[in-house]
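Take a look at the fold below.

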Amino acid sequence: MESSIEDPVPREVVAEIQPVTFQIVESGTKRRKTSLFDSLGFTYNEHSRRPYVTYWQCTVRPKGNPCKASVTERDGVFRHGQHNHNHTVEAGAATAAKIVSRVKSKALEEKFKSASAIVDKVRADRADYLCTC
């Protein structure tokens, strides 16, 4: 059996494993408390704080099956707890929290403006710094 086209030799694919990064968003919750977001897309609320360490718990907390995933922050270093998440990632949660935080901050600064005017202002500010014109 003769082949006019030689089969290509398969190459080994090496996947880059990126470390998980964390970002703290001030006033990131509905009640304007601090939130923690990881680069995988999971969100955490501050569970407790000590002078030397902060404990964060996953925000997915339904009564029947709360997620037990956690993160410990010590001297700016974040470490995952022993439990894994029992749910999927909520896409865009970090971006949504940042936008809501900005809108709420603007609303506190400009108490007599309408909600739609504040949202339009935040949207315009976002467009200004995203534009590469």
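Helices (H or I, at least four residues) and strands (E, at least two) are DSSP runs, numbered from the N terminus. This is a predicted model, in which local features need pLDDT of at least 70, side-chain atom pairs count only at pLDDT 80 or more, and totals for chains, interfaces and linings use all residues. Residues are numbered from 1 along each chain as its sequence is written, and side-chain values use heavy atoms, with hydrogens and water left out.

Start with the whole chain. The protein chain has two helices and six strands. Read from the N terminus, its elements run β-β-β-β-β-β-α-α. Buried residues make up 21% of the 133 residues. Here, buried means under 20% relative accessible area, exposed means over 50%, and partly exposed lies in between (1.4 Å probe, protein chains only). The accessible surface comes to about 10700 Å², and 53% of that surface belongs to carbon and sulfur atoms. Accessible areas come from the Shrake-Rupley method with a 1.4 Å probe; for residues, only the protein chains shown count as cover. A contact means heavy atoms within 4.5 Å. Among contacts between residues at least 6 apart in sequence, 28% join residues at least 24 apart.

Now follow the strands. Two strands pair if DSSP finds at least two bridges between them. Strand E1 (residues 22–25) runs antiparallel to E2, and four bridges join them. Glutamine 23 has phenylalanine 37 in E2 as its bridge partner. On to the next pair: E2 and strand E3 (residues 43–49) are antiparallel too, over three bridges. Serine 35 stands opposite asparagine 45 in E3. E2 and E3 form a hairpin with four residues between them. Glycine 41 sits in that turn, with a positive phi of about 110°.

Which faces of strand E2 (residues 35–38) are covered? Both are: Ser35 and Phe37 are buried on one side, Leu36 and Asp38 on the other. In a regular strand the side chains alternate between the two faces of the sheet.

Threonine 34 counts as buried because its relative accessibility is 18%. Beyond its neighbours within four places in sequence, its contacts include Ile24, Val25, Asn45, Glu46 and Trp56.

Next, the core. A nonpolar core is a set of buried Ala, Val, Leu, Ile, Met, Phe, Trp, Tyr and Cys residues joined through side-chain atoms within 4.5 Å. The largest one has nine residues: Phe22, Leu36, Phe42, Tyr44, Trp56, Cys58, Cys67, Ala69 and Val71. In soluble globular proteins, nonpolar side chains tend to be buried together.

Two of those core members are cysteines. Cysteine 58 is buried, at 1% relative accessibility. Cysteine 67 is buried as well, with a relative accessible area of 0%. Cysteine 58 does touch Cys67, along with Thr43, Tyr44, Ala69, His85 and His87, leaving aside neighbours within four places in sequence.

Alanine 69 is another core member. It is found in the loop between strand E4 (54–58) and E5. Alanine 69 counts as buried because its relative accessibility is 3%. Not counting residues up to four places away, it touches Tyr44, Gln57, Cys58, His83, Asn84 and His85.

Move on to strand E5 (residues 70–74), which holds glutamate 73. Buried or exposed? Glutamate 73 is buried, with a relative accessible area of 17%. Its side chain makes a polar contact of 3.2 Å with that of tryptophan 56. A polar contact is a pair of N or O atoms within 3.5 Å; within protein, one must be able to donate a hydrogen and the other to accept it, and residues adjacent in sequence count only if both atoms are side-chain atoms. The C-alpha atoms of glutamate 73 and valine 53 are separated by 5.6 Å, though the two are 20 residues apart along the chain.

Finish at aspartate 75, in the loop between E5 and strand E6 (77–80). Aspartate 75 counts as exposed because its relative accessibility is 73%. Its phi is near 55°, a positive value in a residue other than glycine.
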